[in-house]
Amino acid sequence: MAVLPAFQGQGIGSMLLSALENSCSDALRYELFTGERSEFNLSVYKRRGYQEFKRASLGKTTIIFLERGA
């Protein structure tokens, strides 16, 4: 999921994430990942209840995996 820079900060990403979660209403948990340098994304996900459960290296990039119960 990505939002063009011109449209960021308007709640579009949060609406998209809500729509994705709602479309998977039978899920027991939700999982996503982002780069460790994506501080804004990490803050959004943590506000929504996601918690880090794993880190992995992908070349020079560290990927953070987050999850939350449905």
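Which side chains meet in a salt bridge with an N to O distance of 2.9 Å? They are those of Glu21 and Arg68, where a salt bridge is a side-chain nitrogen of Lys or Arg within 4 Å of a carboxyl oxygen of Asp or Glu.

## Basis of the model

This is a predicted model, in which local features need pLDDT of at least 70 and side-chain atom pairs count only at pLDDT 80 or more, while totals for chains, interfaces and linings use all residues. Residues are numbered from 1 along each chain as its sequence is written, and side-chain values use heavy atoms, with hydrogens and water left out.

## Salt bridges

The count of salt bridges comes to six. Glu21 is buried, at a relative accessible area of 6%, whereas Arg68 is partly exposed at 22%; buried means under 20% relative accessible area, exposed over 50%, and partly exposed in between (1.4 Å probe, protein chains only). Glu21, Arg48 and Arg68 are linked in a network of salt bridges.

Arg29 forms a salt bridge with Glu67, the closest N and O atoms being 2.5 Å apart, and this pair links strand 1, which holds Arg29, to strand 3, which holds Glu67, across 38 residues. The side chain of Arg29 also meets that of Glu31 in a salt bridge (2.8 Å, N to O).

## Aromatic rings

Three aromatic pairs are found in a search of the whole structure; rings of Phe, Tyr and Trp (its six-membered ring) pair if their centres lie within 6.5 Å, and planes under 30 degrees apart count as stacked, over 60 as edge-to-face and the rest as tilted. The rings of Phe33 and Phe65 have centres 5.7 Å apart and planes at 40 degrees, so this pair is tilted. Phe33 is exposed, with a relative accessible area of 56%, while Phe65 is buried at 15%. Together with Phe53, these two residues form one aromatic cluster.

## Charges over rings and paired strands

Arg29 lies over the face of Phe53, 5.6 Å from the ring centre, and the charged end of Lys54 sits over the ring of Phe65, 4.5 Å from its centre; such a charge has NZ of Lys or CZ of Arg within 6 Å of the ring centre and within 35 degrees of the ring normal. Lys54 also has Phe65 as its bridge partner in strand 3. Strand 2 (residues 51–58) and strand 3 pair in the antiparallel sense over seven bridges, pairing being assigned if DSSP finds at least two bridges between two strands.

Terms used: Helices (H or I, at least four residues) and strands (E, at least two) are DSSP runs, numbered from the N terminus.
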